[in-house]
Amino acid sequence: MSHSAATPSEETVDAALRERLAQGDAVLRSAAPIMRHLLSGARHAMFGDEIVAGVRGAMGDIARQLLDARTGDGEPGNHDPALTEALVAALAEVPGLLGHVHALALEWQLTERLQRRLALDPVLPPLLQALLASNDPATSALAMNLLAAQARFAQAQRRMQLPLGELPADLLHGALEALRAVDDDAAQAGAEAAIRAGYDEGRSRLALAARLVTGMGGGAIAALSLAHAGVAIFATALGMAAWQDRDTVLLATGEGQSLRLALALRAAGLKQEAIAEQLLILHPDAPLPPDWDRVGPDRAAEILAAALPPVGA
């Protein structure tokens, strides 16, 4: 397909979009360093107490599970506080882990907000309910597995927990390396072997969601509606359709990130009206730049690709 040279008007729109996106991405880049600081008990206006508490609780829970596996003494959580604190600090330095935990906390916060505002079930949104009733046994079974996984996620978030089995493989590897760094002994080695032996990324909630969206084929466009798909499936579908990291998608649902979210939705192929519907749910007062309707999917994807910020760096 041939493309005509950009007109001055298009160049102006591109420049405005890139400038606004850079401003928002600067905030995203600062998120992980600030969150590391907050784990020590400091406060910052950028993060609400609810998010900080959720991240701190989940990081502590990961540390507890690692130490439980190391001791194997049948007393969960009965560990030297200094060792636990050292492990949490080491986990906060694992590339991507803190950003992932932060994104999950934002996902749950948004899920609860939509439950209050739209009466959207946090475990069984309309799309998942429809897939459960599918005539295809494989689709129905996968939807049932995701339903159970989402229920476990909701329970874990309420308890400020994050099971090791729900971590992406690279982040679990990093967490085990952090354990080794603070306690490199025979018991630790045995714990690491046991954790790896019992781990199956394909059974995780995120893997199930990705398989479900992939299996929808062209019908996955329905997953790009928050009110229909729910936050979990929406974030997975948008990440896949727009070639964005799922955690980045979740960060883009936050305040001040409406442009990144809009560009991702456009890159995924949504029309302007559909994009406006999603922004109305999340950012009803956030204006888009002038001439936004001139931005096509390819240009949106190019702008995002050039500006993609590191997540949890």
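Guide: Leu17 lies in helix H1 (residues 8-38); helices here are DSSP runs of H or I with at least four residues, strands are runs of E with at least two, and both are numbered from the N terminus. The model is a predicted one, in which local features need pLDDT of at least 70 and side-chain atom pairs count only at pLDDT 80 or more, while totals for chains, interfaces and linings use all residues. Residues are numbered from 1 along each chain as its sequence is written, and side-chain values use heavy atoms, with hydrogens and water left out.

Leu17 has a relative accessible area of 0% and is therefore buried. The classes are buried under 20% relative accessible area, exposed over 50%, and partly exposed in between, with a 1.4 Å probe and protein chains only. In sequence, Leu17 and Arg260 are 243 residues apart, yet their C-alpha atoms are 9.4 Å apart in space.

Of the 10 residues of H12 (residues 258-267), 10 are buried, so the helix is largely enclosed by the rest of the structure. After H12 comes Gly269, with a positive phi near 105°.

Glu177 is partly exposed, because its relative accessibility is 39%. Between Glu177 and Val94 the separation is 83 residues in sequence and 8.6 Å in space, C-alpha to C-alpha.

Helix packing may be taken next. Two packed helices are described by the angle between their axes and the distance between the axes. The axes are lines fitted to C-alpha atoms, for helices over the stretch in contact, and the angles run from 0 to 180 degrees between N-to-C directions. Helix H4 (residues 97-118) packs with helix H13 (residues 272-282) at an angle of about 95°, the axes being 11 Å apart. H4 and H13 are therefore roughly perpendicular to each other; angles of 65 to 115 degrees count as roughly perpendicular, under 35 as roughly parallel, over 145 as roughly antiparallel and the rest as oblique. On the H4 side, Leu110, Arg113, Leu114, Arg117 and Leu118 meet Leu280, Ile281 and Leu282 of H13, a contact being heavy atoms within 4.5 Å. The residues of this contact comprise six nonpolar, no polar and two charged. In that classification, Ala, Val, Leu, Ile, Met, Phe, Trp, Tyr, Cys and Pro are nonpolar, Asp, Glu, Lys and Arg are charged, and the others, Gly among them, are polar.

Ala119 is in the loop between H4 and helix H5 (126-132). Although it is not a glycine, Ala119 has a positive phi of about 60°. Its relative accessible area is 68%, so Ala119 is exposed.

Helix H9 (residues 205-215) and helix H10 (residues 226-241) have axes that come within 9 Å and cross at roughly 65°. That makes H9 roughly perpendicular to H10. The two meet through Arg205, Ala209, Ala210, Leu212, Val213 and Thr214 of H9 and Ala232, Ile233, Thr236, Ala237 and Met240 of H10. By class, this contact of H9 with H10 holds eight nonpolar, two polar and one charged residues.

Arg205 and Ala232 also touch Gln150, which, apart from neighbours within four places in sequence, is in contact with Pro122 and Val123 as well. Gln150 belongs to helix H6 (residues 137-158) and is buried, with a relative accessible area of 5%.

The loop between H10 and helix H11 (246-251) contains Trp243. Trp243, a residue other than glycine, has a positive phi near 55°. With 78% relative accessibility, Trp243 counts as exposed.

For the chain as a whole, the secondary structure comes to 14 helices and zero strands. Of its 313 residues, 50% count as buried. Among contacts with a separation of 6 or more, 72% join residues 24 or more positions apart. The chain exposes about 14,600 Å², of which carbon and sulfur atoms supply 55%; accessible areas come from the Shrake-Rupley method with a 1.4 Å probe, and for residues only the protein chains shown count as cover.
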